[in-house]
Amino acid sequence: MAPPEALSGDGAFTVRRHQPELVSPAKPTPRELKPLSDIDDQDGLRFQIPFMHFYSHKASMKGKDPAQVIKKALSEALVFYYPFAGRLREGDGRKLMVDCNGEGVMFTEADADISLHQFGDTLQPPFPYFDELLYNVPGSQGVLNCPLLIIQVTRLKCGGFILAYRLNHTMSDGPGIVQFLNAVVEIAGGAREPSVAPVWRRELLSARDPPQITCTHREYEQIPNNYDPIWTQESIAHHSFFFGPKELEAIRQMFSSYNNGQYTTRFEALTAFLWRCRTKALQLEPSQEVRFMCISNVRGKSNPPVLPLGYYGNGFVYPAAVTTAGKLCENPFGYALELVKKAKAEATVEYMQSVADFMVTKGRPCFVMPGTWIVSDTSRLGFRGVDFGWGKAVYGGPATAGAGPFPGASYYAACENAKGEEGIVVPFYLPLSAMKRFIHELDRVLGQLEQLTSFSDSLASLS
């Protein structure tokens with residue numbers, strides 16, 4: 001075992017880290033070059049996305065070290081998922097491929113002199129001292145020639161622990177990383193191999209020959225300056241909002257008069273509600289174009305399925321609904337709902353194939369950033385259910401809002417509040433003044449529905 005490397009903390013608690021190490025596959029694996037799909041290697045996915053899982057003490061696991069349990073199972077799981085142990089290289093036309101060299105994933109074990117309950121009654125992003133719970137190993141932040149997975153397991157003095165990791169998003173999406181984690185779980189529990197065999201098959205989402213762009217892709221429109229000045233004009237606030245069963249049902253019912261006989265899902269109602277409130281809070285020029293992009297997975301959307309069971313690459317698109325700030329804020333909520341439904345409906349297998357063709361034809365561009373809000377619903381992907389023997393996670397899911405350098409992305413994560421209510425937590429980055437207006441707008445609308453949760457107490461934490 002490597003000697004402890006560092007003590008860190010500012011007085012709230014101290015983290016004692018061991019030297020980071022590379023965990024390689026437990027057995028020899030193929031040495032090969034594996035191209036990513038043309039969905040995987042688009043510019044907008046070339047970043048590392050962080051996740052956190054918090055686990056309580058469990059008496060039956062006394063004497064077992066979660067760091068060693070996970071590290072050993074990780075090494076064995078990498079035999080089946082050996083591309084994760086490789087490094088990304090870039091070829092002609094910005095094409096990304098994995099050099100399956102078996103170098104390994106970055107792993108750090110640590111100890112913190114704090115108990116789980118001291119993090120608060122409700123665990124949700126943003127997490128205090130995140131950088132201590134996921135050490136930013138020097139040289140590990142890049143997309144190319146860097147570890148594809150960076151992991152830290154921090155033991156807590158109560159007997160619980162925290163699993164934190166950063167994933168190179170070009171390798172996997174939410175369902176893909178949960179599938180990999182469950183493989184580690186199964187092997188930690190004594191299985192010799194994962195119950196779901198991993199499938200690479202990235203060629204399934206490669207461009208046609210010749211490419212045929214058959215759909216309109218307003219999420220990738222070329223604009224003169226793909227930069228939004230709202231993120232540099234003042235300090236940025238990072239805050240999350242919890243919506244319990246009462247809030248979610250009241251918001252859905254609010255849209256009942258706009259349904260036109262169609263069923264409105266919880267996701268559609270919450271998203272339309274938040275998009276309009278967020279846009280009002282930003283106080284944009286009425287003529288400014290705004291976009292909502294909906295992360296839509298195509299797994300299970302065709303028969304037979306285009307992606308086989310076990311596929312762990314990126315299997316989603318994010319069609320854009322486009323309007324102006326004035327139209328979105330001045331029209332009733334039903335207008336936002338209609339746009340959200342339209343964006344969701346565009347996510348078909350043909351649309352994904354058209355995106356792959358678009359990427360190859362247009363040089364793998366990034367999505368439009370100014371005026372954009374991206375939403376990914378991770379609440380049903382099973383992050384909390386990842387159980388290494390200590391029970392399901394108290395919280396499991398994305399660690400922050402944002403997507404790499406782009407702050408305007410939010411994730412819906414399953415969460416339990418201090419009352420034991422199951423609900424959805426949604427993190428946001430917003431300019432400070434806009435965050436304050438956003439909280440007031442949420443309270444104003446929710447207050448008109450029923451006496452529901454007020455977010456006004458959040459204002460104190462923003463000052």
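Trainee: Is Arg94 buried, partly exposed or exposed?

Mentor: The classes rest on relative accessible area: buried is under 20%, exposed is over 50%, and partly exposed lies in between, with a 1.4 Å probe and protein chains only. Arg94 has a relative accessible area of 29%, so Arg94 is partly exposed. Please keep in mind that this is a predicted model, in which local features need pLDDT of at least 70 and side-chain atom pairs count only at pLDDT 80 or more, while totals for chains, interfaces and linings use all residues. Residues are numbered from 1 along each chain as its sequence is written, and side-chain values use heavy atoms, with hydrogens and water left out.

Trainee: What is the phi of Arg94?

Mentor: Most residues other than glycine have a negative phi, and most peptide bonds are trans. Arg94 is not a glycine, yet its phi is positive, at about 65°. Arg94 sits in the loop between β6 and β7. Helices (H or I, at least four residues) and strands (E, at least two) are DSSP runs, numbered from the N terminus. Gly93, in the turn of the β6–β7 hairpin, also has a positive phi of about 65°. Gln283 is a residue other than glycine with a positive phi, near 50°; Gln283 lies in the loop between α5 (266–282) and β12 and is exposed, at 55% relative accessible area.

Trainee: Which peptide bonds are cis?

Mentor: A cis bond joins Pro125 and Pro126, with omega about -5°, and another joins Asp209 and Pro210, with omega about 0°. Pro126 belongs to the loop between β8 (105–112) and α2, and Pro210 to the loop between α3 and β11.

Trainee: How does β7 pair with other strands?

Mentor: Strands of a sheet pair through backbone hydrogen bonds, either parallel or antiparallel. Here, two strands count as paired if DSSP finds at least two bridges between them. β7 is antiparallel to β4 (residues 33–35), with 3 bridges, and antiparallel to β6 (residues 87–90), with 4 bridges. Asp99 in β7 stands opposite Leu33 and is also the bridge partner of Arg87.

Trainee: Are the faces of β7 buried or exposed?

Mentor: In a regular strand the side chains alternate between the two faces of the sheet. In β7 (residues 96–99), Leu96 and Val98 on one side and Met97 and Asp99 on the other are all buried.

Trainee: At what angle do α1 and α3 cross?

Mentor: Axes are lines fitted to C-alpha atoms, for helices over the stretch in contact, and angles run from 0 to 180 degrees between N-to-C directions. The axes of α1 (residues 66–77) and α3 (residues 174–188) come within 8 Å and cross at roughly 110°. Angles under 35 degrees count as roughly parallel, over 145 as roughly antiparallel, 65 to 115 as roughly perpendicular and the rest as oblique; α1 and α3 are therefore roughly perpendicular. Contact means heavy atoms within 4.5 Å, and the residues that make it include Val69 and Leu74 of α1 and Phe180 and Ile187 of α3.

Trainee: What is the mean pLDDT of the protein?

Mentor: pLDDT is the predictor's confidence in each residue, from 0 to 100. The mean is 93, and 94% of residues reach 70 or more. Over residues 1–10, however, pLDDT stays under 50.
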